[in-house]
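Trainee: Hi! Could you walk me through this one, starting with the surface and then the charged pairs?
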Amino acid sequence: MTPTRSTATRSAKGRAITSLLSRVALLVVATLPVALLLLSLQFERRIQPVNPLSSDEVARVEQLLLENAPPDVATRNLQRLSLDAEELNLLLRYGYQLFEANKRTSADVSLPGTTLLLQGTVAVSERFLPVYVNFDAVFASTGDSLQLQSLQLGHITVPAAIVSRAGDTLKARYLSSNPEVSELLESVEEISIDPDRLAVDLQWEPALVSRLRTQAQQYFAAAGDQERIRRYYDVIANVASGLPTDENRVSATVFLIPLFDEALKQTAASGDPVAENRTLLQALAIYVNDQDISEVLSDVDAGTLRPRRVEIRLQHRADLAQHLVLSAAIAASAGAGLAAVLTNTKEAYDARYRSGFSFSDLTANIAGMALGGMAVASHRQAGLLQQRMAALVEETDFFPSLERASNRDGLSETDFNALYEDRTSEHYRERLAEIEALVYSRPVFQGMNPALE
């Protein structure tokens, strides 16, 4: 039976409609990600950029680190970290400042009920048309971990199943390549959240902390720096092996002069005095800290580089040389801000739990931060520092005499507070300013100030 014209017409219309619907469906599928992306974008910031921390706020960060540090860092023990929302936000702001991320990203933490709410803004573009992604992320405790419960991106509420699946995938991928972080998370025994504070109970593992420190050092020793660090470590090994066999304690100048002389030569070839100085100080810190070079350089087998051990000293004290070199390496690698917080916290920790607060150590820390800061402040200052350090005559060229810089060591926390109230007092700041003035009056540092670059 031959189809009638009306039947054929209806069939043609049906195919046309089906084809149209198929094209519409394909268009929807193709443009859905774009539509979702557009819905996640907004033209106003929800969370404003954070302000740099004041000196009082930095002192509070140091105090938080002290309050949450275990009394004995060398012993395995159960440790509780307890922070309220204000303290969490202070540490968050410090993190942004440390990594210079506060211009594009800002966030705020609150503790509504038994959850942690992280609200933030990421600037997609601010040059011509301000465009932002504002987000709300809600976390809840599952006992020994935090789980992302919900996520809002702009006008989009991400389905819970997708949030859970994406979170698990990202966590698995990250932890698979960072076993130390995975072990740190496994050491957490309980996380509790209430409207007042977030508390974390974990097993403090000294061996794990040491491995995390090594991982951090490898992070700051960028791939392009590995060869340079190895080169300067070879210089250190050659200097140590060239000393008389009965000479096991030497001034820091014995190593600093040939190291910076080598930096001058390498800069002539590389044209990058900042990178040369940074890696020089990293290599010297590895040696002074008696650390295995293979923990920092991924392509070096353990034990292949074992230079002769020589005690490096400043004013006949090995501890002063350690303070100066480590502070310089941290300042050159991660910034003077982090170096200051870590060294100040250590002095406060010593005052509370160990040998007492030492102005001698603090002087060495300040001199180290000056050295590390100027080593990377600019190409001009980095090159000038190389010239001056390679021409050292004596230690006082870069380190002040302790008779003038310090006359109080071994102060307990009680004695320190009796003299200075706390580390935010005007009296203490005046003492710091005096020490800084002595350091910057040394011939190596005269006319050089990273803040002016």
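Mentor: Happy to. Accessible areas here come from the Shrake-Rupley method with a 1.4 Å probe. Keep in mind that this is a predicted model.

Trainee: Okay, what does the accessible surface of the protein chain come to?
Mentor: About 23,800 Å², with 56% of that belonging to carbon and sulfur atoms.

Trainee: And how many of the residues count as buried?
Mentor: The share is 43% of the 453 residues in the protein chain.

Trainee: Switching topic: how many salt bridges does a search of the whole structure find?
Mentor: The search finds 23. One of them joins the side chains of E87 and R60, at 2.7 Å from N to O. E87 sits in helix α3 and R60 in helix α2, so the pair ties together parts 27 residues apart in sequence.

Trainee: Is E87 buried or exposed?
Mentor: E87 counts as buried because its relative accessibility is 11%, under the 20% cut-off. R60, at 29%, counts as partly exposed.

Trainee: Nice. What does R80 meet in a salt bridge?
Mentor: That would be D201, again side chain to side chain, at 2.7 Å from N to O. R80 lies in strand β2 and D201 in strand β9, so this pair ties together parts 121 residues apart in sequence. D201 is buried at 12%, while R80 is partly exposed at 46%.

Trainee: Where do R231 and E227 lie?
Mentor: Both are in helix α7, four residues apart, about one turn of the helix.

Trainee: Last one: which residues are linked in a network of salt bridges?
Mentor: D225, R228, E276 and R278 are linked that way.

Definitions and conventions: Residues are numbered from 1 along each chain as its sequence is written. This is a predicted model: local features need pLDDT of at least 70, side-chain atom pairs count only at pLDDT 80 or more; totals for chains, interfaces and linings use all residues. Side-chain values use heavy atoms; hydrogens and water are left out. Buried means under 20% relative accessible area, exposed over 50%, partly exposed in between (1.4 Å probe, protein chains only). A salt bridge is a side-chain nitrogen of Lys or Arg within 4 Å of a carboxyl oxygen of Asp or Glu. Helices (H or I, at least four residues) and strands (E, at least two) are DSSP runs, numbered from the N terminus.
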